[in-house]
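Biologist: I should like to learn how to read a structure of this kind, one feature at a time. Could you guide me through it?

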Amino acid sequence: MLITENLGKKYGEFTAVEDLSLEVKERSVFGFLGHNGAGKTTTISMLTTLILPTSGRAFIGGYDVVKDNLKVRNLLGYLPESVTLYGDLTAVENLRFFGKLSGVKNIDSRIDEILEMLDFTEWKNKKIKTYSKGMRQRIGIAQAILHKPKLLFLDEPTSGLDPQGTKAMRDILQKLNAEWGTTIFMNTHLLSEVTKICTDIGIISNGKLLAADSLEKIEKRFPEEKSLEEIYFKIEGVKQ
Amino acid sequence: MNGILTLAGKEMKTAFKDNIFIIITGLFVILSVISVYVGSSTKNAEMQAYQDIIQMLKSQGETSFPAPPQIFHLSVLSNIISYVSMIGAVVAIFLGFETFSGERVNGMLKLIAVRPVYRDQIVTGKLLGGGAVIGLLLGVILIFNITLFIVVSGMVPSISELVRLLLFFLLAFAYLMVFYITTMFVSIKTNDSAFGFLLMMIVWITVSFVLPQLADSQRSFAYALSATAQTVTQVPSDTVISKTIELFSPAAQFQNIGKNLLQVVPETANASILSIILQQIGAIFEILIPGIVLLTMSYKSVQKEEVL
């Protein structure tokens with residue numbers, strides 16, 4: 001579903017991402033781990049066509065993210081770390097706007113379908129500015145999956161959510177992955193969430209990919225470490 | 001095209017759901033309506049005073065009467081020139097100051113940019129949306145004005161007067177769009193909406209008040225100098241310096257053309273519309289050129305990565 005070949009991004013002399021080569025398989029849930037400033041958001045920005053790589057290539061569904069950016073955008077959904085949406089508009093009005101931009105047909109019935117799946121129908125006609133953080137995050141997910149994307153990018157999707165909100169978000173992602181076969185690529189700090197939801201992980205530090213494999217294989221490679229947290233620090237420590 | 005219309009529709013919807021925008025817009029509409037009412041009443045009073053004088057002269061047995069005051073119908077609407085120039089510009093600034101910076105800060109630009117739309121389409125959509133709001137606003141004011149003009153003054157505008165009025169509103173639309181485009185450009189360039197708004201208020205004060213005031217002061221100074229030196233018998237109404245200062249003020253240009261179109265200037269009150277346009281063509285370009293330049297720069301700037 002997603003392949004990157006020596007992908008890199010430089011801002012002047014500063015290298016944000018360097019020689020990133022990885023593959024994310026179809027229907028997998030890929031957790032992209034790294035400390036603040038490691039290059040996770042820059043990577044997502046390149047893959048979602050928001051910024052141009054300065055070196056290397058990336059393909060989504062076989063399309064080049066630079067040359068075929070419009071086709072790539074049809075395949076992906078994106079939820080940034082902080083979503084505010086249009087506060088003066090209702091959930092339905094926000095979703096109608098994003099659905100139309102994505103070229104979704106029968107938009108109103110699709111919105112109803114998505115909101116029902118997210119158990120949000122009750123609040124659909126309330127203005128976004130009256131929602132809690134967790135509710136906004138759910139509408140954020142709704143806008144990202146409205147056009148049934150093949151690949152969903154999430155930047156810290158559970159950041160700032162309470163335990164109930166975090167669980168609700170995890171349930172939604174698992175449902176999307178199981179029922180729609182959506183491939184998920186998520187940046188996260190929460191290692192506990194990664195173990196519960198991800199099938200594959202990648203660890204990035206200072207712009208360089210330190211490891212990328214299935215969670216199972218990575219855990220087997222470090223039999224002495226008792227948790228993903230220990231594995232994560234081991235990998236970062238070993239490689240640095 | 002679908003994406004552009006969707007973006008334009010969203011701009012309209014969010015504008016009309018913003019309470020502050022509605023208050024400023026309401027103020028704009030109310031003031032323009034009051035200005036027509038006051039203008040019509042003043043002209044009616046002028047005519048009434050003339051009729052009273054004639055009656056009085058007749059009762060005194062006079063047979064020769066003074067000529068009636070020359071009242072040009074559209075001059076009743078003259079106050080609207082100032083309202084469009086002042087408050088209309090603020091409405092346009094308010095409409096545009098968060099178009100990019102606000103959406104960048106709350107992450108909405110990224111959500112739009114990951115959709116299958118080109119970045120120049122985002123600018124076009126916002127331009128169309130803002131233009132539709134301004135056009136709608138001016139359209140409502142135009143209808144109110146014509147209706148009130150007929151009701152209060154009892155005069156029905158001729159075809160030629162209607163064309164003048166329509167041209168004035170077209171010019172007002174172009175003038176307000178220049179402010180909207182300038183604000184949109186500032187919004188693309190800055191991350192801080194409050195700073196962008198303040199900057200545009202400074203631009204507004206400069207082009208609407210400071211420069212016209214400077215030009216007026218220079219004219220008065222030239223008049224006083226000429227009168228003192230007694231070098232000329234007829235003082236020119238404009239000086240080269242004051243005209244040069246007004247070149248940098250779209251507000252002054254707009255007011256000058258507006259006064260000619262709305263029959264405030266007696267010399268051009270009966271002139272053909274074509275001759276007014278030809279006479280003011282330079283001023284029209286001086287209003288349009290900043291808008292065209294800044295719109296081109298907006299399309300160019302929005303392609304940069306840091307815009308998102």
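Biologist: Which residues are buried in helix 1 of chain B?

Modeller: A residue is buried if 20 or more other C-beta atoms lie within 10 Å of its own, exposed if 12 or fewer, and partly exposed in between, with C-beta atoms placed from the backbone. Helices (H or I, at least four residues) and strands (E, at least two) are DSSP runs, numbered from the N terminus. In helix 1 of chain B, the buried residues are B:Gly3, B:Ile4, B:Thr6, B:Leu7, B:Ala8, B:Lys10, B:Glu11, B:Thr14 and B:Ala15. This is a predicted model, in which local features need pLDDT of at least 70 and side-chain atom pairs count only at pLDDT 80 or more, while totals for chains, interfaces and linings use all residues. Residues are numbered from 1 along each chain as its sequence is written, and chains are lettered from A and ligands numbered from 1 in the order in which they are written.

Biologist: What covers the buried residues of helix 1 of chain B?

Modeller: The cover includes helix 3 (91-101) of chain A, and from chain B helix 2 (19-59), helix 3 (79-96) and helix 6 (119-153). Helix 1 of chain B, with 15 residues (2-16), should span 21 Å, and its end C-alpha atoms are 21 Å apart, so the two values agree.

Biologist: How many residues of chain B are in contact with chain A?

Modeller: Two residues are in contact if their C-beta atoms, placed from the backbone, lie within 7 Å. Here 20 residues of chain B are in contact with 25 residues of chain A. On the side of chain B that touches chain A, helix 1 and helix 5 (108-113) of chain B are the elements that give two or more residues. Helix 1 of chain B supplies the largest share of that side, namely 6 residues.

Biologist: What is the overall make-up of chain B?

Modeller: Chain B has 11 helices and 0 strands. Its C-alpha atoms fill a box of roughly 85 × 50 × 30 Å along the principal axes. Of its 308 residues, 39% count as buried. Among contacts in chain B between residues at least 6 apart in sequence, 85% join residues at least 24 apart.

Biologist: Which residues touch the most other members of the largest nonpolar core?

Modeller: In soluble globular proteins, nonpolar side chains tend to be buried together. A nonpolar core is a set of buried Ala, Val, Leu, Ile, Met, Phe, Trp, Tyr and Cys residues joined through C-beta atoms within 7 Å. The largest one has 137 residues, and those touching the most other members are A:Ala142, A:Phe153, A:Phe185, B:Ala92, B:Ile93, B:Leu176 and B:Tyr180. Helix 7 of chain B gives the most to this core, with 15 residues. Leaving aside residues up to four places away in sequence, B:Tyr180 touches B:Ala92, B:Leu95, B:Gly96, B:Gly130 and B:Ile134.

Biologist: What is the strand order in the open sheet of 6 strands in chain A?

Modeller: Two strands pair if DSSP finds at least two bridges between them. The order in this sheet of chain A is 6-7-8-3-9-10, with mixed pairing. Strand 6 (76-79) and strand 10 (208-214) of chain A stand at the edges with a single partner strand each, so one side of each lacks a neighbour in the sheet.

Biologist: Which way do the residues of strand 7 of chain A point?

Modeller: In a regular strand the side chains alternate between the two faces of the sheet. From strand 7 of chain A, A:Leu151, A:Phe153 and A:Asp155 point one way and A:Leu152 and A:Leu154 the other way, and all are buried. Strand 7 of chain A pairs in the parallel sense with strand 6 of chain A over 4 bridges, and with strand 8 of chain A, also in the parallel sense, over 5 bridges. In strand 7 of chain A, A:Leu152 is the bridge partner of A:Gly77, while A:Leu151 stands opposite A:Thr183 in strand 8 of chain A.

Biologist: How is confidence in the model expressed?

Modeller: The score pLDDT is the predictor's confidence in each residue, from 0 to 100. Where pLDDT is low, the predicted coordinates should not be read in detail. Chain B averages 87, and 97% of its residues score at least 70. Within chain B, confidence is lowest in helix 9 (residues 240-247), at a mean of 83, and highest in helix 7 (residues 159-189), at 94. For the complex, the predictor gives an ipTM of 0.90 and a pTM of 0.87.

How values were computed:
The expected span of a helix is 1.5 Å times one less than its number of residues.
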